[in-house]
Each structure stands twice: as C-alpha cells, then as structure tokens.
Amino acid sequence: MSAQTINGTICRLVENNKEWASEIQAKNADFFQNLAKGQTPKVLWIGCADSRVTVDLLTKTQPGEIFVHRNIANRVPSEDLSALSVIEYGVKHLKVEHIVVVGHTGCGGVKAAMSNSSVGILDHWLRPIKDLYVANEAQLSALPEEERVERLGELNVIQGVSTVSNLPVVHDAWKEGREVQVHGWVFQLASGLIKDLGVTVAGPKQIQANLTTQKRLAASVLKCGQRKIWLDPNEVTEISQANSRQNIRKLVKSGLIFKKPQASHSRFRIREHAAAKRLGRHTGYGKRKGTAEARMPSSLLWMRHMRVLRNLLRRYREQNKIDRHMYHNLYLRSKGGAFKSKRVLMEHIHKIKAENARTRELQNQAEAHRQRNKAARERRAERIAAKRDALLNAD
C-alpha cells in the first residue's frame, strides 16, 4: 500500500468526522456541549476488538450511553490490570447498573485458541481459552465442527460473567444495596441479532459455586483424579477466578488447593466375609454359569469384526473404488487379521491407491521420455539420410 493511499484513507476519516459533526450539530445544537459536561452511562460493555462489532451501531445508542472496554476474544482475566481498572472505574465511579460480557460468532481469537498453530505473543493471552477448550473437550467434540467455535465462544462468555460477578468491586456494590447486574451475550454476525445466554447474575445469592473447571485443571496440575482434589470452601470466590494452570499452581502453593492424602480403607467387610466362610458360607458355585466363552464367545466377536471389514470392501468394489484383484487380496488379508479396525483398512486402501497412482504417473513419464527419444532418433536418422542423398546427387 502506497503512502498516498494511506494518507487518503486517513484524510477520508477526518472528512467523515467533519460531516458527522455537522449533521449532529444541525439536528441538535447543544449535543456536543452536553457531551462535554461528562458521562453517565448505565451499561459497561466488555467485548471483542473485532472491527465488525460496533457497539453504538448495533445497539442504536448515542455517545455517552455505554462505557466500553474491548480486547482480543473478549477475555476478562482476573490478573489483567486494564480490564480490572475499567470495571473498577465503571462500577465504583460511573455507577453503572449493567455489566455485559459480549462475544460474537466466528471469533478469530477463539479459532486461534482451538488450533495447534502458534500466533506469537497472543498464545499467552489465549492460553485460558485453550484450557477451557481442554476442560470441555468431551462436550465440544460431540458437536459438528462448525458449531464448536460458537460453543467455545459461549463458554468463554459464561466464564467471563463468572469472573466479573466474583470481583470484590462488584460485591462491594451489592453490599451497598446497589443494583448491578452481570449479563452474558453473543452477537450473531450472520443475523445481526444479540443472543442472551441466560446467565445473568443480579446478586451474590445467584452466584453458583461451580468449580468443575478448576477441579479439572487442578487434577491435571497435581496429576491425580478429580475426586482427590480438595478446594477450600472459604475461598470459593478466589478459586473461581482461577481459569488457567498458572493460577491453579499459585493456589496450590498458597494451600487453597491440595491433593487429598491416601485414605486407609476399613477391613470390617473383609473380616465379616472371612468369618462367614469359616462357617461354610460363600463356598458354592455362585450365580455364574458356563465357561468363559459362554457369555460372549470370541468367535462371535470375530465374525462381527469380519462382517464390518467385508461390507466395507464390498461397498468399495461396487463403487469402483477398488478393482477385483485388490478386493481379493484385501479380503484374504482381512481374514488373516491384518487390519484391526475399519479405519486401519480404509487408510491402507488409500495408501495403496496413492502408491498405484504414483507408479502410473512415473510409468507415463518414462513412456513419454522414451517416445521423445525415439522421435529424436528418427529425426536424426532422417537428417543423416537427407545429407547423404544431397552428397550423392551433387556428385
């Protein structure tokens, strides 16, 4: 982009500002004088820095009605001084009545958090969203691929609502009797509509101490099961704000989270069972009937396994994806147990077809090379014969 184009873009913005100011001045002569007196917004908007999400335009509000804080992927980290300062100023000094954490569909930050590729310094900023993706991987994996980004964006908004509603400045406002509500929204780019996630928190009684994410992260850090994790019940607010492994490690170091010691199990039932056996109980055949193959014969499992592989081969042959020679070869190899699953067989077929295609391509290239050499030899022989004839005719 040339310097002239850049200067033209900047000049256009300045000219647009002049036109906008003139239009507002023509409609309301006192608009800017009232705007200069101060701001009294009722809403604090915490959203994504995406250029497609323009707060005043999509909410149809005027300047001074919404206090805005934006960053990449609308994160609300409990250790970010920028976000905490905005919330502190908005709640304590501007006396806002609503705090809205707003995400949007197709968020680039959420997509980057779900991928394995590095995005530079943003990797540190998006790390909590990656942890959130790992913690809810079972739920997200069950969704279609195009819906996973939207659902992870919603979970990120819900986590942001939980973080904001647990901040001390918000609790202080509730203690003073002020009505401060925390909402979670998602702006849908395809329709232009705002979706309310229904996670509004209007007071301390509505805060649910759901620490599932913190338990999963702690289990990962301490390398044990979730049932072995102990969370201090008196520090639920502080623990709920820990949304990354780094914060969990700090809480482990401070003693708010630790691994439960190994419990010594009682031998009461064992002693009772041994005493009953001495009296002749529990010594019969029991309820189990038949041999180990009686309930689920291994031959039946083998037939089911073979049926799946053979159906796949038959379907591929009918669709002309494999010829009869490859079908016969793979049929015998499946019967010999060479493929343990349907996926392994499909990968083997694709590998063979790729190798055959490459072999055919090399053969075609070699044949073309031979034809070119043959044509060159024939042209050379013709030239030699023509020269010989010319010499004979000259004599």
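1. Burial classes in this note follow relative accessible area: a residue is buried under 20%, exposed over 50% and partly exposed in between, with a 1.4 Å probe and protein chains only. The model is a predicted one, in which local features need pLDDT of at least 70 and side-chain atom pairs count only at pLDDT 80 or more, whereas totals for chains, interfaces and linings use all residues. Residues are numbered from 1 along each chain as its sequence is written, and side-chain values use heavy atoms, with hydrogens and water left out.

2. Val119 counts as partly exposed because its relative accessibility is 33%. Val119 sits in the loop between helix H5 (108–114) and helix H6 (122–125), where helices (H or I, at least four residues) and strands (E, at least two) are DSSP runs numbered from the N terminus.

3. Together with Ile72, Ile121 and Leu122, Val119 makes up a nonpolar surface patch with about 330 Å² of accessible area in total. Patch members have over 30% relative accessible area and no salt bridge, with like charges joined within 9 Å and nonpolar side chains (Val, Leu, Ile, Met, Phe, Trp, Tyr) within 5 Å; a salt bridge is a side-chain nitrogen of Lys or Arg within 4 Å of a carboxyl oxygen of Asp or Glu. The areas come from the Shrake-Rupley method with a 1.4 Å probe, and for residues only the protein chains shown count as cover.

4. The five strands of an open sheet follow the order E2-E1-E3-E4-E5 with mixed pairing, two strands being paired if DSSP finds at least two bridges between them. At the edges are strand E2 (66–71) and strand E5 (193–196), each of which pairs on one side only. Neighbouring strands of this sheet are turned by 25 degrees against each other on average, direction ignored, with axes fitted as lines to C-alpha atoms (for helices over the stretch in contact) and angles running from 0 to 180 degrees between N-to-C directions.

5. Strand E1 (residues 43–48) runs parallel to E2 and is joined to E2 by six bridges; Val43 has Ile66 as its bridge partner in E2. Helix H4 (residues 81–93) packs on the sheet and touches E1, E2 and strand E3 (98–104), its direction making about 170 degrees with that of E2; contact means heavy atoms within 4.5 Å.

6. Thr61, in the loop between helix H3 (55–59) and E2, counts as buried because its relative accessibility is 18%. Leaving aside neighbours within four places in sequence, Thr61 is in contact with Val55, Asp56 and Ile66.
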